[in-house]
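Subject: Structure for you to look at

Hello,

Here is the structure I said I would pass on. Please open it and keep it in view while you read the notes below.

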Amino acid sequence: APALADDEDPVKGCIDSRGYPVAWKIDIFLHVIAQAGKTPDDKPVITYNPDIFPFKKPQTRLFFYYHECGHHVLGHDVSGSISLQQEKRADCWAVNTLLYNGTFTRADIAAVNRDLASLTVEEMHQIPGPFRNMDLNECFR
């Protein structure tokens, strides 16, 4: 996927649970693909590293961007550690939003699942949150 310009919003119109638009910032030194956080003045921000997983499908990268947006939309406290349950809720928010808005088909979800299943242990550490098994089909059960 082509790199985005700094401040370009890969999830058009991501709004947090308080109604604030989410800012996007590139950080090539970030050790995870993307991370939800807050600015010093308590505004939502997602920092991302476009160089992580460059060889994976663009859908996989977009899924992670939507996943991080989901933390803000769902009102998760992104200043602390995110629980496994919150990670799974953000996964499903991302999947369902991508399907609902027509960005993804079920085939795209299957492609992301294949990418996730192929991650090495080292790559799994580049996914924010607790180490976990990711199966996006759980969002449909």
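Start with Asp42, which is partly exposed, with a relative accessible area of 37%. Please keep in mind throughout that this is a predicted model. Asp42 is in the loop between strand 2 and strand 3. Its phi is positive, about 70°, although Asp42 is not a glycine. As background, most residues other than glycine have a negative phi.

Which residue forms a salt bridge with Asp42? The partner is Arg18, and the closest N and O atoms are 2.8 Å apart. This pair links distant parts of the chain, since Asp42 is in the loop between strand 2 (34-38) and strand 3 while Arg18 is in the segment before strand 1, 24 residues apart. Arg18 counts as partly exposed, at 38% relative accessibility.

Arg18 also meets Asp16 in a salt bridge, with an N to O distance of 3.0 Å. Asp16 has a relative accessible area of 7%, so this residue is buried. Asp16, Arg18 and Asp42 belong to a network of salt bridges that also includes Lys38.

How many salt bridges does a search of the whole structure find? The search finds six. One of the others to look at is between Glu138 and Lys88, where the closest N and O atoms are 3.3 Å apart. Glu138 is partly exposed, with a relative accessible area of 35%. Lys88 also counts as partly exposed, at 28% relative accessibility.

Next, a charged residue without such a partner. Arg61 is in helix 1 (residues 58-73). Arg61 is buried, yet has no salt bridge. The nearest side chain of opposite charge is that of Asp51, 7.1 Å away.

What lies by the polar atoms of the Arg61 side chain instead? The backbone oxygen of Ile52 is 2.5 Å from one polar atom of that side chain. The backbone oxygen of Phe53 is 3.2 Å from a polar atom of the Arg61 side chain.

Phe53 has a positive phi of about 60° and is not a glycine. At 4% relative accessibility, Phe53 counts as buried.

Now the aromatic rings. The structure holds six aromatic pairs. In one of them, the ring centres of Trp24 and Tyr48 are 5.9 Å apart and the ring planes are at 70°, so the pair is edge-to-face. Trp24 is in strand 1 (residues 23-26) and Tyr48 is in strand 3 (residues 44-48), so this pair links distant parts of the chain, 24 residues apart. Trp24 counts as buried, at 2% relative accessibility. Tyr48 is buried too, with a relative accessible area of 0%.

Tyr48 has a further ring partner, Tyr65, with centres 5.1 Å apart and planes at 65°, so that pair is edge-to-face. This pair also links distant parts of the chain, with Tyr48 in strand 3 and Tyr65 in helix 1, 17 residues apart. Both Tyr48 and Tyr65 are buried. Taken together, ring pairs link Trp24, Tyr48 and Tyr65 into a cluster.

The charged end of Arg106 sits over the ring of Phe140, 3.7 Å from the ring centre.

Ala111 lies in helix 3 (residues 106-117). Ala111 is buried, with a relative accessible area of 4%. How far apart are Ala111 and Val45 in sequence and in space? They are 66 residues apart in sequence and 27 Å apart in space, C-alpha to C-alpha.

Regards

Definitions and conventions. Residues numbered from 1 in each chain as written. Predicted model: local features only at pLDDT ≥ 70, side-chain atom pairs only at ≥ 80, totals over all residues. Heavy atoms only, no water. Helix = DSSP H or I, 4+ residues; strand = E, 2+ residues; numbered from the N terminus. Buried < 20%, exposed > 50% of the residue type's maximum accessible area, 1.4 Å probe, protein only. Lys, Arg positive; Asp, Glu negative; His and termini not counted. Salt bridge = Lys/Arg side-chain N within 4 Å of Asp/Glu carboxyl O. Polar contact = N/O pair within 3.5 Å; in protein donor to acceptor, adjacent residues only side chain to side chain. Phe/Tyr/Trp six-rings, centres within 6.5 Å; stacked < 30°, edge-to-face > 60°. Lys NZ or Arg CZ within 6 Å of the ring centre and 35° of its normal.
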